[in-house]
Amino acid sequence: MKLPYPGAIDCDLHPAMPGVGALLPYLDEYWRDQLTNRHIDRTAFNLTSYPPNAPLSARPDWRQASGAPGGDLAMIRAQALDPFGTKFAICNVLHGAVALFNEDMAAALCAAVNDWTAHELLDREPRLRASILVPMHNPALAVAEIERKAGDRRFVQVLILAMGEMLLGRRIYWPIYAAAEKHGLAIGIHAGSTYHHAPTAAGWPAHRLEDYVAQSTAFESQLLSFLAEGVFQKFSALKIVLIESGFTWLPTLLWRTSKTWRGVRPEVPWIDRPPADIIRERVRLTLQPVDAPRGEPQVLARTLAHIGSDAMLLFSTDYPHWQFDGEDVLPEGLCDEAVRKIIIDNPLDTYPRLREGATIGDNRPINQEAVR
Amino acid sequence: MNVPLRHQSASQRTIIVDCDIHPAYRTPKDLHPFLPARWREHMVTFGEHLRQGLSGQLAWPRMMASGMRVDAFPEQGPPGSDLALMRKQHLDPNGVEYGMLMQLSKGGMEERNLDLAAALSHAVNDWQLATFVEPEPRLRAGIVVPQEDAAFAVSEIEHRADDARFSQILISPRSSDPLGHRRYWPIFEAAQAADRPIALHVQGFSGGHASTGAGWPTYYMQEHYAASSGMQNTLTSLVLEGVFERFPKLKVVLIEGGFVWAPALCWRMDKHWERMRAETPEVKRPPSEYVREHCWFTTQPIEEPDDPRHLAEIIDWIGWDRVMFSTDYPHWDFDDPQQVLKFQPSEEQKRKLFRDNAKVLYGLA
């Protein structure tokens, strides 16, 4: 169904980067030389997870005659912001820099991507917000990038791929979470893999479709990693957002971890209450893709009941990825209250920085009480 | 999970088929009568060669008693090695009409040396018969084969195919490549010809890939869960590489890998297959249809939502004819048939889940 009123906050929008050549003005002399001498500036840095011509990577009517879908601000406005009455949209720039092995080059490119995003997108379109892309190869470099960009309040979270070097709960990454928490930034984990190792426990699948389906199991593993390592206890204000993860798989994780915990809690004594309660409180998931059978709204309604919380879902279009058609961005079967929470309240609660640019009046749904 | 079993009169009992019982040998020498001298010596001198860092123990130590029920240790040997105790503690009091033996890694499915793997496979299959199935007709063996050597696996399946005491074929769901890859197709062809289901029981290391797509877990709590996420990866491979399209009579049993995830995985596969199906033209129908027709799931370790009816809704979506009870005896997270369901199923649902689905699938009288 369509959004019932304007003011939605789109928590997953993908502007496409132009070629790496566009980053040259944002790099220092050493990296400019490196990129040009080695012809790295002629490469696209597309992630294997999103082959540009695959159906999933862009909706047919969002493709352009030339240039990448989402690669043009006028197109973003006309296709992703205006039709949905979007109040804010959070840009998640999925740049291939994160899949490099050279951590210095990755750090330089991530910084350039963030500066490009601020200058080319945020400065030009006040509805846009963004995530800080960080090089997870080296937590010290990632923290440095967070510290460098955190003063720009239009950046609202830290962006990490779902499959990188190691599971993300590992304590080697904790300085990143400390920095994010200190600055009021969420940790956003987006579908995708660096392919530094096999994307499934069973090895390397043959098809891109299999890789995409497997993303949800990577998200399960990451959630459990955060839980088991004690990240939620150590960083009591930190929010974890799973982006483009799907969410209908969540009941299994809630039920299974809460049961297993009863048997294994001496191993993880810092988990002081049922994992399902912790996850419901601290984890958020973006809406698209809605992996539920079409035309059976009661199935989705039952799944939402199994999830047991209406605070967890955050509205997203996943533009320009092809997850829905027309303007029917919401699944059937959501009640009015759930819609308002998903499109406005939950995003505002997850990203406190969004409130800074929003007056109460801006977020007031038509004929409804003011948003908290 | 180590509460003494309540004693029940026969009239109170549910007659069950237990789809996951783990036999063990007392010492590695128990296999010697079934191994050629060359491989006996090899095992003594070199032992197994697996894709893991610790030899002879697990890299995620279990929570108690090596992952066993502490009351399941016989006077000699590990739990599962003493048939008398298994009868007394499990088969008799729990009303087990048939029990499916799951002899796992000792049968070579994780072994790197494929010649050794073949010898272990053949030996373990003989050993199951001699040690458990011949003295205890309620138990059924599985044809354990190393999936990485499809040619040998096919010969072993054919060798056992006429023996009704073997109910299914056991391979690892954590193979070197995802199981849908064509290098494994001869095994599925042989399984179809032998009219035996392929049983996929969660495994330790097997192909050596990290137990999640995002890296190795730290804690046993995570490794325990990885059985469930990894099984989803394996099922996805079987469906989306077109195995069920190619082998229309193939049946697959997913054991100890969870089942609650099945509806959501099917919805996810269906949704994105619709978008990306040009990439996999051999998958002709929505993926969920193949799962519905070809797959069975065992229950242990069963999920326990706060509202038990939620679990019943999940089984409604999977189909009451596709979920089969299992205990995982003698492991620590054993499910007790008297306590496993926290909701009240209908008599028909109960009969199917605890007994009839397995009897139909395995052709048990």
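## Basis of the description

Helix axes are lines fitted to C-alpha atoms over the stretch in contact, with angles running from 0 to 180 degrees between N-to-C directions. The model is predicted: local features need pLDDT of at least 70, side-chain atom pairs count only at pLDDT 80 or more, and totals for chains, interfaces and linings use all residues. Residues are numbered from 1 along each chain as its sequence is written, and chains are lettered from A in the order in which they are written.

## Interface between chains A and B

The contact (C-beta atoms, placed from the backbone, within 7 Å) takes 60 residues from chain A and 57 residues from chain B. On the side of chain B that touches chain A, the largest share, 15 residues, comes from α6(B). By class, this side of chain B has 22 nonpolar, 24 polar and eleven charged residues. Ala, Val, Leu, Ile, Met, Phe, Trp, Tyr, Cys and Pro count as nonpolar, Asp, Glu, Lys and Arg as charged, and the others, Gly among them, as polar.

## Helix pair α8(A) and α6(B)

The axes of α8 (residues 250-264) of chain A and α6 (residues 220-240) of chain B come within 10 Å and cross at roughly 140 degrees. Helices are DSSP runs of H or I with at least four residues, numbered from the N terminus. The pair is therefore oblique, the class left after roughly parallel (under 35 degrees), roughly antiparallel (over 145) and roughly perpendicular (65 to 115).

Residues of α8(A) in this contact include Arg256(A) and Trp261(A), and those of α6(B) include His224(B) and Tyr225(B). By class, the contact has five nonpolar, five polar and one charged residues.

## Ala278(B)

Ala278(B) lies in the loop between α8 (262-276) and α9 (287-294) of chain B. The C-alpha atoms of Ala278(B) and Leu361(B) are separated by 34 Å, at 83 residues apart along the chain.

Note on methods. Helix = DSSP H or I, 4+ residues; strand = E, 2+ residues; numbered from the N terminus. Contact = placed C-beta atoms within 7 Å.
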